[in-house]
Amino acid sequence: MFDTIVVATDGSESVRRAVDVALDLADRFDASVHALYVVDASEVDSSPERLRDEMREALTERGHRALSEVEEATDRSVTTAVREGRPATVVGDYAREVDADMVAMGTRGRHGENRFLIGSVAERVVRTCPVPVLTVRQLAEDETDGLEGTPESA
(Lines give C-alpha, C1' and ligand atoms only; values in the text may rest on other atoms or scores of the structure.)
Protein backbone atom coordinates (compact mmCIF):
# COMPACT_ATOMS: atom_id res chain seq x y z
CA MET A 1 0.00 0.00 0.00
CA PHE A 2 2.85 2.41 0.84
CA ASP A 3 6.13 2.21 -1.04
CA THR A 4 7.47 5.68 -0.26
CA ILE A 5 6.72 7.78 2.82
CA VAL A 6 7.88 11.36 3.26
CA VAL A 7 8.24 12.63 6.82
CA ALA A 8 8.19 16.42 6.98
CA THR A 9 9.99 17.56 10.11
CA ASP A 10 10.91 20.83 11.71
CA GLY A 11 12.76 19.18 14.57
CA SER A 12 10.23 20.27 17.16
CA GLU A 13 8.83 18.16 19.96
CA SER A 14 5.41 18.21 18.27
CA VAL A 15 6.81 16.29 15.29
CA ARG A 16 8.39 13.39 17.22
CA ARG A 17 5.18 11.40 17.46
CA ALA A 18 4.59 11.86 13.71
CA VAL A 19 8.10 10.56 13.01
CA ASP A 20 7.44 7.50 15.18
CA VAL A 21 4.12 6.78 13.47
CA ALA A 22 5.60 7.24 9.99
CA LEU A 23 8.53 4.96 10.76
CA ASP A 24 6.16 2.35 12.15
CA LEU A 25 4.14 2.48 8.93
CA ALA A 26 7.33 2.21 6.89
CA ASP A 27 8.29 -0.89 8.86
CA ARG A 28 4.86 -2.46 8.41
CA PHE A 29 4.83 -1.88 4.65
CA ASP A 30 8.58 -2.13 4.06
CA ALA A 31 8.41 1.35 2.55
CA SER A 32 11.30 3.65 1.80
CA VAL A 33 11.51 6.72 4.02
CA HIS A 34 12.38 10.26 3.01
CA ALA A 35 12.82 12.90 5.71
CA LEU A 36 12.42 16.51 4.61
CA TYR A 37 13.25 19.76 6.39
CA VAL A 38 12.25 23.04 4.78
CA VAL A 39 14.11 26.26 5.47
CA ASP A 40 11.26 28.76 5.43
CA ALA A 41 12.29 31.38 2.86
CA SER A 42 9.90 33.94 4.34
CA GLU A 43 11.64 33.60 7.71
CA VAL A 44 15.00 34.25 6.05
CA ASP A 45 13.64 37.11 3.94
CA SER A 46 12.04 38.81 6.93
CA SER A 47 15.36 39.05 8.76
CA PRO A 48 17.62 42.07 8.30
CA GLU A 49 19.54 41.81 5.04
CA ARG A 50 22.92 41.75 6.77
CA LEU A 51 21.83 38.68 8.76
CA ARG A 52 20.14 36.64 6.03
CA ASP A 53 23.10 34.43 5.16
CA GLU A 54 23.71 33.75 8.83
CA MET A 55 20.02 33.00 9.37
CA ARG A 56 19.92 30.65 6.37
CA GLU A 57 23.00 28.80 7.64
CA ALA A 58 21.53 28.48 11.15
CA LEU A 59 18.22 27.16 9.84
CA THR A 60 20.00 24.75 7.50
CA GLU A 61 22.07 23.43 10.41
CA ARG A 62 18.89 23.06 12.46
CA GLY A 63 17.45 21.09 9.56
CA HIS A 64 20.40 18.72 9.46
CA ARG A 65 20.02 18.10 13.21
CA ALA A 66 16.30 17.41 12.78
CA LEU A 67 16.98 14.97 9.95
CA SER A 68 19.66 13.23 12.01
CA GLU A 69 17.05 12.64 14.73
CA VAL A 70 14.84 10.87 12.17
CA GLU A 71 17.77 8.73 11.00
CA GLU A 72 18.66 7.82 14.59
CA ALA A 73 15.07 6.75 15.33
CA THR A 74 15.21 3.79 12.95
CA ASP A 75 17.43 1.01 11.69
CA ARG A 76 16.23 1.47 8.12
CA SER A 77 17.84 3.69 5.54
CA VAL A 78 16.43 7.23 5.38
CA THR A 79 16.92 9.58 2.46
CA THR A 80 17.21 13.13 3.78
CA ALA A 81 16.81 16.50 2.15
CA VAL A 82 16.99 20.13 3.22
CA ARG A 83 15.18 22.47 0.86
CA GLU A 84 14.40 26.18 0.96
CA GLY A 85 11.13 27.83 0.04
CA ARG A 86 7.55 28.05 1.19
CA PRO A 87 7.14 24.96 3.41
CA ALA A 88 3.76 23.76 2.16
CA THR A 89 4.76 24.18 -1.47
CA VAL A 90 8.13 22.49 -0.99
CA VAL A 91 6.56 19.51 0.82
CA GLY A 92 4.10 18.97 -2.04
CA ASP A 93 6.78 19.40 -4.69
CA TYR A 94 9.11 16.99 -2.90
CA ALA A 95 6.35 14.38 -2.50
CA ARG A 96 5.71 14.60 -6.24
CA GLU A 97 9.45 14.47 -7.03
CA VAL A 98 10.04 11.22 -5.08
CA ASP A 99 6.69 9.72 -6.12
CA ALA A 100 5.58 9.48 -2.48
CA ASP A 101 2.51 7.51 -1.49
CA MET A 102 2.02 9.53 1.69
CA VAL A 103 3.37 12.50 3.63
CA ALA A 104 3.42 12.34 7.43
CA MET A 105 3.75 15.43 9.55
CA GLY A 106 3.06 16.62 13.04
CA THR A 107 0.62 19.20 14.24
CA ARG A 108 0.49 21.14 17.40
CA GLY A 109 -2.27 19.67 19.56
CA ARG A 110 -5.10 22.09 20.21
CA HIS A 111 -7.92 21.96 22.70
CA GLY A 112 -11.31 23.63 23.08
CA GLU A 113 -12.37 26.09 20.40
CA ASN A 114 -9.02 25.74 18.62
CA ARG A 115 -9.16 21.94 18.28
CA PHE A 116 -9.96 22.22 14.57
CA LEU A 117 -6.89 24.31 13.84
CA ILE A 118 -3.95 22.10 12.97
CA GLY A 119 -1.40 24.76 12.15
CA SER A 120 -0.99 26.88 9.11
CA VAL A 121 1.73 24.81 7.41
CA ALA A 122 0.05 21.47 8.13
CA GLU A 123 -3.28 22.83 6.97
CA ARG A 124 -1.81 24.11 3.72
CA VAL A 125 -0.06 20.80 3.08
CA VAL A 126 -3.32 18.90 3.66
CA ARG A 127 -5.12 21.20 1.23
CA THR A 128 -2.51 21.30 -1.51
CA CYS A 129 -0.38 18.15 -1.38
CA PRO A 130 -0.84 15.84 -4.37
CA VAL A 131 -0.68 12.71 -2.13
CA PRO A 132 -2.47 11.74 1.09
CA VAL A 133 -1.21 13.49 4.22
CA LEU A 134 -1.18 11.88 7.65
CA THR A 135 -1.23 14.51 10.36
CA VAL A 136 -0.29 13.33 13.82
CA ARG A 137 -1.20 15.43 16.80
CA GLN A 138 1.21 15.70 19.69
CA LEU A 139 -0.47 14.46 22.82
CA ALA A 140 -0.81 16.73 25.83
CA GLU A 141 1.14 15.66 28.90
CA ASP A 142 -2.00 14.25 30.52
CA GLU A 143 -3.03 12.23 27.44
CA THR A 144 -1.94 8.77 26.40
CA ASP A 145 -2.77 7.00 23.21
CA GLY A 146 -2.86 3.59 24.87
CA LEU A 147 -1.39 1.89 21.83
CA GLU A 148 2.30 2.76 22.20
CA GLY A 149 2.42 4.98 19.10
CA THR A 150 0.83 2.62 16.57
CA PRO A 151 -0.73 4.28 13.53
CA GLU A 152 -4.21 3.41 14.75
CA SER A 153 -3.69 5.82 17.63
CA ALA A 154 -2.70 8.77 15.47
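This is a predicted model: local features need pLDDT of at least 70, side-chain atom pairs count only at pLDDT 80 or more; totals for chains, interfaces and linings use all residues.

Me: Which residues of α4 are buried?

Reply: α4 spans residues 87–97. Pro 87, Ala 88, Val 90, Val 91, Gly 92, Tyr 94 and Ala 95 are buried.

Me: And what covers them?

Reply: The cover includes strands β1, β2, β3 and β4, along with α5 (120–128).

Me: Take β4, then. How many of its residues are buried?

Reply: Six of six, so β4 is mostly covered.

Me: Which residues point which way from β4?

Reply: Met 102, Ala 104 and Gly 106 point one way. Val 103, Met 105 and Thr 107 point the other way. In a regular strand, side chains alternate between the two faces of the sheet.

Me: What does β4 pair with?

Reply: β1 pairs with β4 in the parallel sense, over four bridges. Val 6 is opposite Val 103 there. β5 (residues 133–137) also runs parallel to β4, joined by five bridges. In that pairing, Thr 107 stands opposite Arg 137.

Me: New topic. Where is Arg 76?

Reply: In the loop between α3 (52–72) and β3 (78–85).

Me: What does its side chain reach?

Reply: The Arg 76 side chain reaches the backbone oxygen of Ala 31, at 2.7 Å.

Me: Which residues is Arg 76 in contact with, leaving aside neighbours within four places in sequence?

Reply: Ala 26, Asp 27, Asp 30, Ala 31 and Val 33.

Technical notes
Residues are numbered from 1 along each chain as its sequence is written. Side-chain values use heavy atoms; hydrogens and water are left out. Helices (H or I, at least four residues) and strands (E, at least two) are DSSP runs, numbered from the N terminus. A polar contact is a pair of N or O atoms within 3.5 Å; within protein, one must be able to donate a hydrogen and the other to accept it, and residues adjacent in sequence count only if both atoms are side-chain atoms. Contact means heavy atoms within 4.5 Å. Buried means under 20% relative accessible area, exposed over 50%, partly exposed in between (1.4 Å probe, protein chains only). Two strands pair if DSSP finds at least two bridges between them.
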